[in-house]
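Reader: I have a chain open on my screen and would like to go through it with you. Could you take my questions one at a time?

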Amino acid sequence: MTGPPDSLARWWPRRWLRAPGARLQVPRSGIRVPRRWLRLPRRTVRLRLTLVYGGLFLLSGAALLAITYLLVSRSLPAGPITGRAGAPSVAQPGGVSSGAVFVQARVGNCGFLTGTLGTPAQVAARAQRCLSQQRSLELNQLLTESGIALAIMTVVSIGLGWLVAGRALRKLSTITAAARSISASSLHARLALAGPDDELKELGDTFDGLLARLEAAFGAQRQFVANASHELRTPLARQRTLIEVALAEPQPSVAALQNVCRRVLATGEQQERLIEALLTLARGQRGLDRREPVDLAAITGDVLLSRQPEAELRGLTVAATLRPAPALGDARLAERLAANLVDNAVRHNVAHGTIGVTTGTQAGHAVLSVWNTGPVIPRDQVGGLFQPFQRSAADRTGAGEGQGLGLSIVAAIAEAHGAWLQANALTGGGLVVQAGFPQAADHPPAGVTQDHAAPPPHAAHR
């Protein structure tokens, strides 16, 4: 049997069908080498730094060798040979003329003692040729030995460069390993790199700062989700309780069922307002897609007209000074910001209190300011009012009004517009909030009637 059947050769590997003692034949294409052996090494920063170090050393060594070669070539004599000429001597054996001149010249390994071998000019020419040969020999030897030394030191410099680059990039490896191991559950970890205050330590400190911000953002997000779940669970539980109580009645009256339905509808409206507030907060935190000229005076005037009945019902006095305040931003979000500030001033006020609203321009910004009388707010609690679902105290929550998102939406909208926001507690009670939007180039007409507003009481800056 000279070879395996076609059916076996088709389905079985050739090494399984090779006869015992058969010689292994190399394919015509040559020896197969694993592809990973043919791959170039990964161009890491360490490899590139090593090549840069080696290349710089090679260039500087070559420049040093060239300079040394030029200096040595200039120091070696290349001019005519000066010798010693003796006085005429007596005749020498062999018929030499008594007027022959003796010239002795020695250059390196070339030595001449000339007598009857020629005239002084001929001896000088031979000495010049010997000098040129000796000079070329010494320069070639210098070039060869220096080139060998340069090659050896280049290899050594590459090895040292590899070690130095690895030591210099050790912090970067630490940062890379930490970045790979970081997850949502280990954001508390920090690099805390030690050593000199160089660029790598600055990078490590920046990475630690990023981790701190991410940890704070994740914590705030978890807190927000927990608070939102609690706020949404409360009206759902109330609805379920109302419905279960109504169903527990053996023979409920129509009036009782209508009352339950009205209360369930009121609870549903509360949920809708909360969901709308959450959507507005998310939109404000997302940022703006485009900006257009808006007038805070016109927007605030419309908001005050819509809130005027509620303010009169509570016995509040509204004093407004609405000067043109052209700004760049989103009209709907700016209206929501003004509405939340006015609603906050209306709901968290005292009986027969005062609300002051002003608009205008200041230092290149369109400024909206809303202040109100109300309960005294501790200075350390003013910042917490802009956090979602955070309330200063029971006296600011009123009779369960609001969802605790009004001022947090104001802060998100201001941040989306690139506006500054400042809140201060008033010494006599109440709060003043100012928002400064980037001012538009053109000043559209305000079209708002201006009234005289009472100045806010003294504010205690936080």
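Reader: Among contacts between residues at least 6 apart in sequence, what share joins residues at least 24 apart?
Author: Among those contacts, 71% join residues at least 24 apart in sequence. Contact here means heavy atoms within 4.5 Å. Please note that this is a predicted model, in which local features need pLDDT of at least 70 and side-chain atom pairs count only at pLDDT 80 or more, while totals for chains, interfaces and linings use all residues. Residues are numbered from 1 along each chain as its sequence is written, and side-chain values use heavy atoms, with hydrogens and water left out.

Reader: How many helices and strands does the chain have?
Author: The chain has 12 helices and 10 strands. These are DSSP runs numbered from the N terminus, with helices being H or I of at least four residues and strands E of at least two.

Reader: What percentage of the residues is buried?
Author: Of the 462 residues in the chain, 32% are buried. Buried means under 20% relative accessible area, exposed means over 50%, and partly exposed lies in between, with a 1.4 Å probe and protein chains only.

Reader: Let us turn to D330. Where does it lie?
Author: D330 lies in the loop between strand 5 (326-329) and helix 10.

Reader: Is D330 buried or exposed?
Author: D330 counts as buried because its relative accessibility is 16%.

Reader: Which residues is D330 in contact with, leaving aside neighbours within four places in sequence?
Author: Those residues are R283, L288, V294 and H417.

Reader: At what angle do helix 10 and helix 12 pack?
Author: Helix 10 (residues 331-347) and helix 12 (residues 406-417) pack at about 150°, and their axes are 9 Å apart. Axes are lines fitted to C-alpha atoms, for helices over the stretch in contact, and angles run from 0 to 180 degrees between N-to-C directions.

Reader: Is that crossing left-handed or right-handed?
Author: Helix 10 passes helix 12 in a left-handed crossing. A crossing is left-handed if the near helix is turned anticlockwise from the far one by less than a right angle, and right-handed if clockwise.

Reader: Which residues make the contact?
Author: Helix 10 contributes L333, R336, L337, N340, L341 and N344, and helix 12 contributes G406, L407, I409, V410, I413, A414 and H417. By class, the residues of this contact of helix 10 with helix 12 are eight nonpolar, four polar and one charged. Ala, Val, Leu, Ile, Met, Phe, Trp, Tyr, Cys and Pro count as nonpolar, Asp, Glu, Lys and Arg as charged, and the others, Gly among them, as polar.

Reader: And how does helix 9 pack with helix 10?
Author: Helix 9 (residues 296-313) and helix 10 pack at an angle of about 40°, with axes 9 Å apart. Helix 9 is therefore oblique to helix 10. Angles under 35 degrees count as roughly parallel, over 145 as roughly antiparallel, 65 to 115 as roughly perpendicular and the rest as oblique. The crossing of helix 9 and helix 10 is right-handed. The contact of helix 9 with helix 10 has 10 nonpolar, one polar and five charged residues.

Reader: Lastly, where is A194?
Author: A194 is in the loop between helix 6 (170-181) and helix 7 (199-248). A194 counts as exposed because its relative accessibility is 59%.
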